[in-house]
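Biologist: Can you walk me through this model? I'd like to go spot by spot.

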Amino acid sequence: MSGALNFRRLGAVARKEFIHVLRDPRALAIAIVLPMIMLMIFGYALTMDLDRVPLAVWDQSRTPQSRELISRFEGSRYFSVGARPGSYAEVEDALARGRTMMALVVPVEFGRRVASGRKVQVQVLTDGSDANTTTLALSYADAIVRGYSQEILVEKARRLTGRPPALPLDLRFRAWFNTDMESRIFIVPGLIAVIMMLITALLTSLTVAREWETGSMEQLISTPLLGSELILGKLAPYFVIGMVDMLLSVLAGRFLFGVPIRGSLALLFGVSAIYLVGALSLGILISTKAKSQLLASQFAFVATFLPAFLLSGFMFDIGNMPTALQAVTYLIPARYFVTFLRGLYLKGTGLAQLWPECLLMVAFGTLMLGLAIRSFKKRLA
Amino acid sequence: MMETVRTQALTRRFGELVALDQLTLAVAEGEIFGLVGPDGAGKTTTMRLLTGILEPSSGEAWVDGLHAVREAEGIKDRIGYMAQRFGLYPDLTVQENIDFYADLYEVPKAGRSERLERLLAFSNLTPFRRRLAGNLSGGMKQKLGLACALIHTPRVLFLDEPTNGVDPVSRRDFWRILYQLQQERVTIFVSTAYLDEAERCNRIGLLHQGRLMACDTVEGVKGLLKGALLEVRCESPRRAAGVLRAAALGSVALFGDRIHVLAADADRGRAAVEAALQAGGIPVLGLQVIEPTLEDIFTSAIPEAAHA
């Protein structure tokens, strides 16, 4: 293909694509509503915070000491004391049926031994099916029990010496960036990256394949239209839609999920634009290769959503992956966008720290756009 | 003769299938050339090779002096092409479709609206300019396709079965437009499976199973039929045709209630037909020598297709 890019032809394609989108309410709905729905579903469902773990308590002691321990569990936001079983059979039943996640068993001698300053065991039984949650819940339970036994020690020392002892180590803890340590604030920026990748690639994956399917492509390739004009013209309306989606996602994140943005808004949208070009071009590349809408959309889903969801660091920490898989994550552009958005949202970092991610996204966009244009052939068969 | 389209042993294979086999032909400037043949003859393949959207397996072709492979993009400026399948956008209006193609061909803004009006009037689409293309009738869709292919005043027009599935009145309109274009020295390369339509062309090429069987004026092609064509009318024509075929009198074809028999000699053929039918006990109602039609040419040249 020869000849220079002609903006009149490019504009004609862009105009026609805009008309296609505007006159197809279903396509428009997918483009605007779907990302919002995904943001809602994932934003609310995907919480990694552990809140109000259902706890069953079997207090065999029934003393002020055992009630004190149980009240500490009741007072914690991490536990919600529910069932009060009266036997191991009932404890087992509650765990097996999933009515409780954890059970605290206080032995008969608890009150007596605590009062006399002797060592006593408290049993915690847990449903270990979900290892992560169990580990978290156990550590919360451990902290409560430790706190209580420490107080008993302090009280004992005060009685012996007449003054409270100074503990040798004092941990002063402060979480930066996400001060309340809410996983929502961490999840939403990453979620935006994943959704944008999927939606944009899905939208454009249909455009070229549709023209092959309906036969309009045969007419198009008989004209002087260049492949680059066709591809860029097709990108234009979806780029606008993608930016609207991005804006809506950011607004939803801010006002629905209450996720603050600490970094620059200009940088946020500027880098999003670059990321969008890459994702849109990937969709077009898939579309030119597939030549059928069904195949293209399925392939776009597999090629964008799964890696972006699983390998971008959004769901699983890349540092914990096997080395080979870690190497693969470098090929996933969502990885860079997730890092960028989290940095910008949570830490307010800018180009000074995030330039490698931005540069890699520019490289991805350029590569995808180039491949999309090159892979389009003005030939049949 | 100025040749606008020329092919030299143009061949295209799809795997084992030879869709077009060594096509060699030439079309003069300002001519209406018809590529005639049944479905699967290779008409669409020829169109696609000439418009530079399909590469030949071997052989060469030139359109308006440009090579169909090496200068394919140059050709695209000078031709108008209407694919067999409606290739416009059903969700765009008549005018939006034409405007889109005007932009693709970089039709100068100056004088463009006059040209658009003229094309709309020419194709009787003016009242429908704001209608979505998807809501047009079959005939109007074809006229819109033609208008889009003509917006840039092409030198050569390639029309692949443009009147397929179009009602007779619209077909007549369509051909009226083609004759007007011919007056403007536009070369028209049209394919058709309709033989009555082939008769409207200046010259035709008969294509069958990828091979060019004949290429001449309609009269010239008809002249290729050696011998005399007899039209037989009789009782139970289907059985009579069987009897005549069994008698090996030459090519026998059934046209409704008439039988066409191609005989080497008129008088001897007439006698042989009468004898054969008499022997078969079939009374003859009429027997005369007639002028061959293109259909006769086809049935005699392609016997297997005629009986299919």
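Biologist: Is B:Leu132 buried, exposed or partly exposed?

Modeller: B:Leu132 counts as partly exposed, because it has 16 C-beta neighbours inside 10 Å. Buried takes 20 or more other C-beta atoms within 10 Å, exposed takes 12 or fewer, and partly exposed lies in between, with C-beta atoms placed from the backbone. This is a predicted model: local features need pLDDT of at least 70, side-chain atom pairs count only at pLDDT 80 or more, and totals for chains, interfaces and linings use all residues. Residues are numbered from 1 along each chain as its sequence is written, and chains are lettered from A and ligands numbered from 1 in the order in which they are written.

Biologist: Where is B:Leu132 found, and what is it in contact with?

Modeller: B:Leu132 lies in the loop between α4 (112-122) and α5 (138-150) of chain B. Helices here are DSSP runs of H or I with at least four residues, strands are E runs of at least two, and both are numbered from the N terminus. Leaving aside neighbours within four places in sequence, the contacts of B:Leu132 are B:Pro90, B:Asp91 and B:Thr93. Contact means that C-beta atoms, placed from the backbone, lie within 7 Å.

Biologist: Now B:Val166. Buried or exposed?

Modeller: B:Val166 is buried, with 20 other C-beta atoms within 10 Å. B:Val166 sits in the loop between β7 (156-160) and α6 (168-183) of chain B. Beyond four places in sequence, B:Val166 is in contact with B:Gly138, B:Gly139, B:Gln142, B:Arg171 and B:Phe174.

Biologist: Switching to α10(B). Which residues are buried there?

Modeller: B:Gly269, B:Ala272, B:Val273 and B:Leu277 are the buried ones. They cover an arc of only 125° around the axis, so they are on the same side of α10(B). That arc is taken from the directions from the helix axis to the C-beta atoms. An α-helix has 3.6 residues a turn, so residues three or four places apart point the same way.

Biologist: What is exposed on the other side of α10(B), and what covers the buried residues?

Modeller: B:Asp267, B:Arg268, B:Ala271, B:Ala275, B:Gln278 and B:Ala279 are exposed on the other side. The cover over the buried residues includes β11 (228-234), α9 (237-246), β13 (258-263) and β14 (284-290) of chain B. Just after α10(B), B:Gly281 has a positive phi of about 75°.

Biologist: Which way do β1(B) and β2(B) pair?

Modeller: Strands β1 (residues 3-14) and β2 (residues 17-28) of chain B pair in the antiparallel sense over 8 bridges. Strands pair if DSSP finds at least two bridges between them. B:Glu3 has B:Ala28 as its bridge partner in β2(B). The two strands form a hairpin with 2 residues between them, and B:Gly15 in the turn has a positive phi of about 65°.

Biologist: Over to chain A. What is the strand order in the open sheet?

Modeller: The order is β2-β1-β3-β4 (chain A), 4 strands with mixed pairing. The edge strands, β2 (79-81) and β4 (123-126) of chain A, each pair on one side only.

Biologist: Last one. How many residues of chain A are in contact with chain B?

Modeller: 25 residues of chain A are in contact with 23 residues of chain B. α1(A) gives the largest share of the chain A side, 6 residues.

Technical notes:
Contact = placed C-beta atoms within 7 Å.
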